[in-house]
2 protein chains.
Amino acid sequence: MKPLAQEDRPTLVQLRSQLMSRYEEYCALNLSLDMTRGKPCAKQLEIAKNLHGLVDGENCFSENKTDCRNYGVPTGIDECKRLFSMITGIDASLIVLGNNASLSIMYDTLMRAMVFGEIDSDRPWANETVRKWLCPVPGYDRHFAITEALGFEMIPVAMTPNGPDMDRIEALVSSDPSIKGMWCVPQYSNPDGFIYADEVCIRMASMKTAAKDFRVFWDNAYAIHDLYPERKRRIPNILELSLKAGNPNRFYVYASTSKITLAGSGIACIAANTDNINRIKKQLSLRTIGPEKLNQLRHARYIPDMETLVGIMEKHAEIIRPKFEAVDTILREELDGLDIASWYKPDGGYFISLFLMKGTAGKVVEAAQKAGVLLTPAGATYPYGKDPDDSNIRIAPTLPSLPDIEVATRVLGICAKLVAVEQLLNEH
Amino acid sequence: MKPLAQEDRPTLVQLRSQLMSRYEEYCALNLSLDMTRGKPCAKQLEIAKNLHGLVDGENCFSENKTDCRNYGVPTGIDECKRLFSMITGIDASLIVLGNNASLSIMYDTLMRAMVFGEIDSDRPWANETVRKWLCPVPGYDRHFAITEALGFEMIPVAMTPNGPDMDRIEALVSSDPSIKGMWCVPQYSNPDGFIYADEVCIRMASMKTAAKDFRVFWDNAYAIHDLYPERKRRIPNILELSLKAGNPNRFYVYASTSKITLAGSGIACIAANTDNINRIKKQLSLRTIGPEKLNQLRHARYIPDMETLVGIMEKHAEIIRPKFEAVDTILREELDGLDIASWYKPDGGYFISLFLMKGTAGKVVEAAQKAGVLLTPAGATYPYGKDPDDSNIRIAPTLPSLPDIEVATRVLGICAKLVAVEQLLNEH
């Protein structure tokens, strides 16, 4: 195949007709496939089948004899903090555990910053007349929804295979004190699956910021979520880097077991340097008498050591790796050489990020939907849901079955070509 | 016995000597008793022993076939909403479920009001230069800690056996638009154990408030927590009352199973009228992809009907009723007729609220502590920890064993008399 844009008009017309006929064949199948969300599939949830029975009315005491059924222990039980230390590489003393859903902990962190400000703030962020936030793009729609609701002007920053564009970030944060922070998914970035380079992490920890209360929300959602048994590079311990760089309060680290054990019934944590975490402990003591500790105990017993943890992640990989590879293979079969699409085949995480010919992503999602294949809305991976290039589509291959993935990706590939051909014909 | 204040000096001196000798006997026992917090005892936690096994890797689907292990269902599963409808008497459609800890849901409600304001607000509460909050006293220290942290000027309002002093409340809220809301524990008030009269509830729902966004945080923590099998009067459905009175957005209702099943591992809820609850659902969708639903499912299965619920509460009552009665009996033995103490023997809830001679509560708590009996700090039941009369002590009889309760209450009674006698001698 040669690049589509180099084809002459008659060839494009013929191609459109072939593609339309393939497209209509799929439409006739009355498909109903959903590739919208990064949800684990039932088989992944079954990996944790032994989690459920690990506490009962007698086996409900933590290692220090705390009755996990009762009130108390506002920062979480020690053995579960150690589990999160294994996951994140961060010292257990710097970790505070919550219930499920790290997203809630991020939201709460920002709400406290709005109402109380940060350690280094002159005033609560709610009292800043202008507040801005950096958003590596493409990124996670739920992150962007939070900063949008809180009235941050979101500034997109391009992602690269080594992490977000640090030249641009340094230029922005050094000159504009209203830029208060930044979203990051540093290990297997959402949706591209990139791993931030050490150099990027060091620059982010070291850079000068005009806002003295600049905060990076370091969402390590895929800390150990490899797709291949060969363990991939890990991001460095960002709390150590920032301490060394003289910006100890800059980073909030988040992680959860949502994609290790059970998506809706995991444990989530926040980690930060000593001053921040002590402040968080004090603030959290107003909000709760303690988190739900039985599930923490269940988790600590289920994953007592690194070997068990790695074994669980390998089981996940065995289930979802073929799905990721199917997406890659079929996209290559349909799109290679046409110069209308690019994507990175990730080594971990939950998504594949597909870039199509500019101006076509929305129409492709629409066409796929008419054929019964539900994709994340185009633009979802950008602040305010607006992809300026109308080019990026996030593919979530974990939930559907392998045969469904294959069909859905085939439909996506056909739609991508069909819309591109139509656009080229219109341009001619 | 006649009132202590009517005794002459020699009698008081002799009494002091007798009391001191009794006090020293207890000091010699090296006691270590804790009556500070309203925590259930181990026996109460054991009531729920069958809760633990009710979900596993196969039995994890809600009645509408939702896999409770996975993401989703942000407002909670239907069968658990029905459980909370049984507990609160409120329609299940007006209920949103969280994880454990209703305190967290109250805190979050106030944080959202600070950042976003309420439906009827002109601006976020954080942007109000002066904000005030009504606090029936004595009340719940954790409530007061939240409004203090959020910068509300807290205005104490006296409790009566029928609920807070409505004349005073109406006068305050009708004239001062900076009074934004009020804490209430309407059923078995914390700590007095009073049940708000219907008339009080009707007036609270109907009163004119200068703040159009006035909110009552209706913490129904002890909705069904009777100490006696004869079912006591229930507060009315406050959402219906407020709708009828033309103030539909006024009340947020909170409840939890913390003192029905497991204190640290219960389920909590918020309930409100249609407009408020729809707004909450929208706001919560930013914070989480869903609550921890397996515990909701566990709870719904454990308490499928009203009969089971009542049976559970009767088991709690059987365990804690003798403790409450021991406190009452021993306080009567030590303090009746002396005119230095008063308390209400509650029919439910978790506390006994003891009023001592003015100016003595702090010293009594101190003396008891020296004898090894830890009581809630005097003043804890008042905003800013300051009881203007230095008179109220909250007794939490549920956690210690019956023998411990008896000894601790005896020590408390002796200390109350000793400090009173010393104060009278100083005044003479």
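How far apart do the C-alpha centres of domain 1 of chain A and domain 2 of chain A lie? In this predicted model, the two centres are 31 Å apart.

**Stop 1: the domains of chain A.** Select 4-44 together with 310-427; the domain assignment makes these two segments domain 1 of chain A. Then colour 61-304, which the assignment gives as domain 2 of chain A. Where the two touch, 24 residues come from domain 1 of chain A and 28 residues from domain 2 of chain A.

**Stop 2: the domain 1 side of that contact.** Pick out α11 (306-335) and β13 (392-395) of chain A, each of which supplies at least two residues to the side of domain 1 that touches domain 2. On this side α11(A) gives the most, with seven residues. Colour the side by class, and it shows 14 nonpolar, five polar and five charged residues.

**Stop 3: the interface between the chains.** Select the contact between the chains: 45 residues of chain B meet 45 residues of chain A. On chain B, show α2 (42-47), α4 (102-116), α5 (141-149), α9 (274-287) and α10 (293-302), each supplying at least two residues of the side that touches chain A. The most comes from α4(B), with six residues. By class, this side of chain B has 23 nonpolar, 13 polar and nine charged residues.

Finally, compare the interface residues of both chains. Of those in chain B, 100% are also interface residues in chain A, so the copies meet through the same surface.

Methods:
Residues numbered from 1 in each chain as written. Chains lettered and ligands numbered in written order. Predicted model: local features only at pLDDT ≥ 70, side-chain atom pairs only at ≥ 80, totals over all residues. Contact = placed C-beta atoms within 7 Å. Domains from an automatic or database assignment. Helix = DSSP H or I, 4+ residues; strand = E, 2+ residues; numbered from the N terminus. Nonpolar A, V, L, I, M, F, W, Y, C, P; charged D, E, K, R; others polar.
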